[in-house]
Amino acid sequence: MSIEEVAKALAKARHAVVFTGAGVSAESGIPTFRGANGLWEKYDAEEVASIQGFMRNPKAFWEFAEELIIKSEAKPNPAHYAIAELERLGIVKAVITQNIDMLHQKAGSKEVIELHGSLSKVKCLSCGREYDWEEIASEISKVSKMAGVSKAPQCECGSYYLKPEIVFFGEALPADAMKKAIEHASSCDVFMVVGSSLVVYPAAYLPFIAKDAGAKLVIINAEPTHADSHFDYVLHGKAGKILPEVVKVLKDYRQVKDEKRT
Ligand code: APR
Ligand code: ZN
């Protein structure tokens, strides 16, 4: 598979959709969940990222939350900017992301569908009070310097059940986000996956919904995935390197086509 073939498929697309996972943010310094040095090698996902685990012991989540702070302070990388450029060129109509780091928006993407929520708000499950993520995050980074002090932030009502607006394992995905994602997957003609192991459902159904609707499937991923054989175009490598090359070749291709037309 070549970059040229992917660029040509995108250049001809009437309605392309990009679907991203943690791998698109890896070159922004954010650890992925699986693959080399994945977060689930270090933490027990059931304990720190499931709703059952959180209700049992919210402090375990907030120990893990330092990793999330990295996400909220990170900067977009060339992959995010290339995806935003594809939207500006009128090729990509939406980015469907599993990520909670808001880096697509920071890179300029407008139509971003966040399937797993984002690190923007924190809500107290006891009294309903809402806080900005930054407010709580700064408090965690402060206390984490004082050894032995619990990192779990407390609500003004005294509760420790402060939960960020992200989807924990065992929770339903936001219905409106899923509905929009399915609409795009069902009506696109190119569905491009970037940086996902495609092992978490229902998000991982989306490429197959697109395929059933007749779309061409593209995957750009550092490692092979279990789903690669279902894809029309498979590029293994770093998204931050591959995507800018795809955009460059695509722009050259469109320019040549426009010149032939004149
Ligand atoms: N460029 C492209 N792909 C990369 C890069 C990179 N620079 N670095 C890593 N990858 C690939 C890895 O090879 C891996 O296959 O990105 C993929 C990331 O997979 P996961 O860590 O499983 O992330 P993701 O697919 O987003 O996980 C889905 O699982 O834990 C939950 O809620 C969490 O949203 C997350 C969901
Ligand atoms: Zn409260």
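The model is predicted.

**Ligand 1**

Ligand 1 sits in the largest pocket. Its shell holds 22 residues. Phe33, Arg34, Ser196, Ser197 and Glu223 are the closest of them. Sorted by class, the shell has ten polar, eight nonpolar and four charged residues.

| Residue | Part of the residue | Atom of ligand 1 | Distance |
|---|---|---|---|
| Phe33 | backbone N or O atom | oxygen | 2.7 Å |
| His116 | side-chain N or O atom | oxygen | 3.0 Å |
| Ala222 | polar backbone atom | nitrogen | 3.0 Å |

How much of ligand 1 does the protein bury? On its own, ligand 1 exposes 740 Å². The protein buries 93% of that area.

**The zinc site**

Ligand 2 is a zinc ion. Which residues coordinate it? Cys124, Cys127, Cys155 and Cys157 do, each through its SG atom. The distances run from 2.2 to 2.3 Å. Along the chain, these donors follow the spacing C-x2-C-x27-C-x1-C.

Why is the arrangement around the zinc ion tetrahedral? The four donor atoms subtend angles of 106 to 117°, and therefore the arrangement is tetrahedral. Ideal angles for four tetrahedral donors are 109.5 degrees.

Conventions:
Residues numbered from 1 in each chain as written. Chains lettered and ligands numbered in written order. Predicted model: local features only at pLDDT ≥ 70, side-chain atom pairs only at ≥ 80, totals over all residues. Heavy atoms only, no water. Near = heavy atom within 4 Å. Polar contact = N/O pair within 3.5 Å; in protein donor to acceptor, adjacent residues only side chain to side chain. Areas by Shrake-Rupley, 256 points an atom, 1.4 Å probe, with all protein chains shown as cover. 1 Å grid on protein atoms, 1.4 Å probe; cavity = no way out; pocket = protein on both sides within 12 Å on 5 of 7 lines; lining within 4 Å. Sits in = over half its atoms within 2 Å of the grid points. Nonpolar A, V, L, I, M, F, W, Y, C, P; charged D, E, K, R; others polar. Donors = N, O, S within 2.8 Å, 3.2 Å for Na, K, Ca; no water. Tetrahedral: all angles 85-135°; square planar, octahedral: opposite > 155°, others 65-115°.
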